[in-house]
Amino acid sequence: MGGNTFDVLFIGAADVVYRQGSLYAAITQADLFVIAWTMALVAVLGAGLVRRERRGVGKIGLEGATILVLYLAGSATVAAMG
């Protein structure tokens, strides 16, 4: 989870060194989907961590299954985008 958050810092630097213009203008629909998909996965994970902290439960709950389903559905979508 920390890695995804830290990687966002590199977007600004990448935009500076991208030679074909603005990096943001070069983003495709597939890129936007992967960004949104990653945000959804991180949100489910974060919500599960908060829920687990509040309830004091040490086992994996519904968020584990939700992340698996989101991952498989997203992977199939990305594969279909080709």
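Hi everyone. A word on the model first: it is predicted, so to speak of local features we need pLDDT of at least 70, side-chain atom pairs count only at pLDDT 80 or more, and totals for chains, interfaces and linings use all residues. Residues are numbered from 1 along each chain as its sequence is written, and side-chain values use heavy atoms, with hydrogens and water left out.

Now the overall layout. The protein chain has four helices and zero strands, in the pattern α-α-α-α along the sequence. Helices (H or I, at least four residues) and strands (E, at least two) are DSSP runs, numbered from the N terminus. Of the 82 residues in the protein chain, 9% are buried. Buried here means under 20% relative accessible area, exposed means over 50%, and partly exposed is in between, with a 1.4 Å probe and protein chains only. As for contacts, meaning heavy atoms within 4.5 Å, residues 24 or more positions apart account for 51% of those with a separation of 6 or more.

Let's turn to two of the helices. Helix α3 covers residues 29-55, and helix α4 covers residues 62-81. The expected span of a helix is 1.5 Å times one less than its number of residues. For the 27 residues of α3 that gives 39 Å, and the end C-alpha atoms are 39 Å apart, which agrees.

The axes of α3 and α4 come within 10 Å and cross at roughly 175°. That makes α3 roughly antiparallel to α4. The contact includes A30, F33, V34 and W37 from α3, and L62, E63, T66 and I67 from α4. By class, this contact has 14 nonpolar, five polar and three charged residues. In that count, Ala, Val, Leu, Ile, Met, Phe, Trp, Tyr, Cys and Pro are nonpolar, Asp, Glu, Lys and Arg are charged, and the others, Gly among them, are polar. As for the angles, axes are lines fitted to C-alpha atoms, for helices over the stretch in contact, and angles run from 0 to 180 degrees between N-to-C directions. Angles under 35 degrees count as roughly parallel, over 145 as roughly antiparallel, 65 to 115 as roughly perpendicular and the rest as oblique.

Which residues of α3 are buried? They are W37, L41, V44, G46 and G48, and what covers them includes α4.

Back to E63, as promised. Is E63 buried or exposed? At 8% relative accessibility, E63 counts as buried. Setting aside neighbours within four places in sequence, E63 is in contact with V44, G48, R51 and R52.

Next, the aromatic rings. The structure holds two aromatic pairs. The rings of F33 and W37 have centres 6.1 Å apart and planes at 20°, so this pair is stacked. Rings of Phe, Tyr and Trp (its six-membered ring) pair if their centres lie within 6.5 Å; planes under 30 degrees apart count as stacked, over 60 as edge-to-face and the rest as tilted. F33 and W37 are four residues apart in α3, so about one helical turn separates them. F33 is partly exposed at 26% relative accessible area, while W37 is buried at 15%.

Ring pairs also bring in Y71, linking F33, W37 and Y71 into a cluster. Y71 is found in α4 and counts as partly exposed, at 46% relative accessibility. Leaving aside neighbours within four places in sequence, Y71 is in contact with W37 and L41. The C-alpha atoms of Y71 and L41 are separated by 7.6 Å, with the two residues 30 apart along the chain.

Last stop: G82, in the segment after α4. Its phi is positive, near 70°, and at 94% relative accessibility G82 counts as exposed. G82 and A30 are 52 residues apart along the chain, with their C-alpha atoms separated by 9.2 Å.
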